[in-house]
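The exercises below are meant to be worked through with the sequence and the model side by side.

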Amino acid sequence: MTATVPILMYHAVAEHPSAASKRLSVSPDSFEEQVAFLVEHGFTGMTFSDLADAFETSKALPKRPVVITFDDGYADFANAALPVLQRYDCPATVFVTSGWIADAGPYAGGTPLDKMMTWAQVRDVAQAGIEIGAHSHSHPELDQLADAALWEELRVSRVLLEDCIGTPVRALAYPFGYTTPRVRLAARAARYRCAAAVRNVRASAFDDIFMLPRLTIRRSTNAVAFASAMIGGDDRVFRRDRLLTAGWASVRSARRVRKRVLGNA
Ligand SMILES: [Zn+2]
């Protein structure tokens, strides 16, 4: 049997998140409980890229592998999540939207949903051993962009983040998890090595490493649901999210085709 690996997707970790980031946020206490649960139950944290590498090269996985990821680059990652990860010695990957950085200045792009990390915080986080991945530059729906804009989003975010941390950025997370074969081809061309989608199922070595699925952890994911999903392999807790993402994928591909037919893509 091929091992399946839970890749958890977090967003803000905050007591009082903004209205826009609240639904997908968790409280710092819940986050700590969840990390403690994983450590106490013998899970081994890996970064997203290390898991993708292991899948690609058929390398043996550690005992009970788990990958903890964070999207967008909220300031509370540095203030609330990082200290917990350090306390439990747990690796993680943060996918940063480069145009949302708090002091992005002339490079600002898109509309951040909450208080974001500064360049200095991103650098500190990287130096603390957390993997920095990209999450596009301005957080658009990548599948809806024309080729030139898609390429810019992928390239600019990688270059800005690499300038900041001084090491290669290998991983990408598609904003909203939206991806198509064209988006994945562009991600490869933009020199990413692997990428994260959503899909709300566990990942396995059979998955495309440019579309590794993640599980959505939200404020409503209580301790019992979290435990049964991690230990019992009970993915029912993600069923609603799974149906939502599958439904959206078909709506969105129809929309993109319609745009192409109308000639305004
Ligand atoms: Zn995002």
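**Exercise 1. The cavity**

Which residues line the largest cavity?

*Solution.* Before starting, keep in mind that this is a predicted model, in which local features need pLDDT of at least 70, side-chain atom pairs count only at pLDDT 80 or more, and totals for chains, interfaces and linings use all residues. Residues are numbered from 1 along each chain as its sequence is written, and side-chain values use heavy atoms, with hydrogens and water left out.

Grid points are joined across faces, edges and corners, and the volume is the space filled by probe spheres set on the points.

Step 2 is to read off the lining, which consists of H11, V13, F70, D71, G73, Y74, D76 and F77. Two elements give two or more residues to this lining, namely β3 (65–72) and α4 (75–87), where helices (H or I, at least four residues) and strands (E, at least two) are DSSP runs numbered from the N terminus.

Step 3 is to sort the lining by class, which gives four nonpolar, two polar and two charged residues; here Ala, Val, Leu, Ile, Met, Phe, Trp, Tyr, Cys and Pro count as nonpolar, Asp, Glu, Lys and Arg as charged, and the others, Gly among them, as polar. As for volume, the largest cavity holds about 30 Å³ of space, and the search of the whole structure finds one cavity of 30 Å³ or more.

**Exercise 2. Aromatic pairs**

*Solution.* Step 1 is the rule for pairing: rings of Phe, Tyr and Trp (its six-membered ring) pair if their centres lie within 6.5 Å, and planes under 30 degrees apart count as stacked, over 60 as edge-to-face and the rest as tilted. The whole structure has seven aromatic pairs.

Step 2 applies the rule to Y10 and F70, whose ring centres are 5.5 Å apart with planes at 25 degrees, so this pair is stacked. Because Y10 lies in strand β1 (residues 7–10) and F70 in strand β3, the pair ties together parts that are 60 residues apart in sequence. Both Y10 and F70 are buried, where buried means under 20% relative accessible area, exposed over 50%, and partly exposed in between (1.4 Å probe, protein chains only).

Step 3 concerns F176 and Y178, which form a stacked pair at 5.4 Å centre to centre, with 25 degrees between the planes. F176 is partly exposed, with a relative accessible area of 43%, whereas Y178 counts as buried at 16%.

**Exercise 3. The nonpolar core**

Which members of the largest nonpolar core touch the most other members?

*Solution.* Step 1 is the definition: a nonpolar core is a set of buried Ala, Val, Leu, Ile, Met, Phe, Trp, Tyr and Cys residues joined through side-chain atoms within 4.5 Å.

Step 2 gives the answer: among the 76 residues of this core, F31, I68, F70, F77 and L85 touch the most other members.

Step 3 takes L85, which, leaving aside its neighbours within four places in sequence, is in contact (heavy atoms within 4.5 Å) with F31, V35, I68, F70, F77, C90, A92 and I130.

Technical notes:
On a 1 Å grid over the protein atoms alone, a cavity is a set of points where a 1.4 Å probe fits but cannot get out, and a pocket is an open set with protein on both sides within 12 Å along at least five of seven lines; lining residues have an atom within 4 Å of a point.
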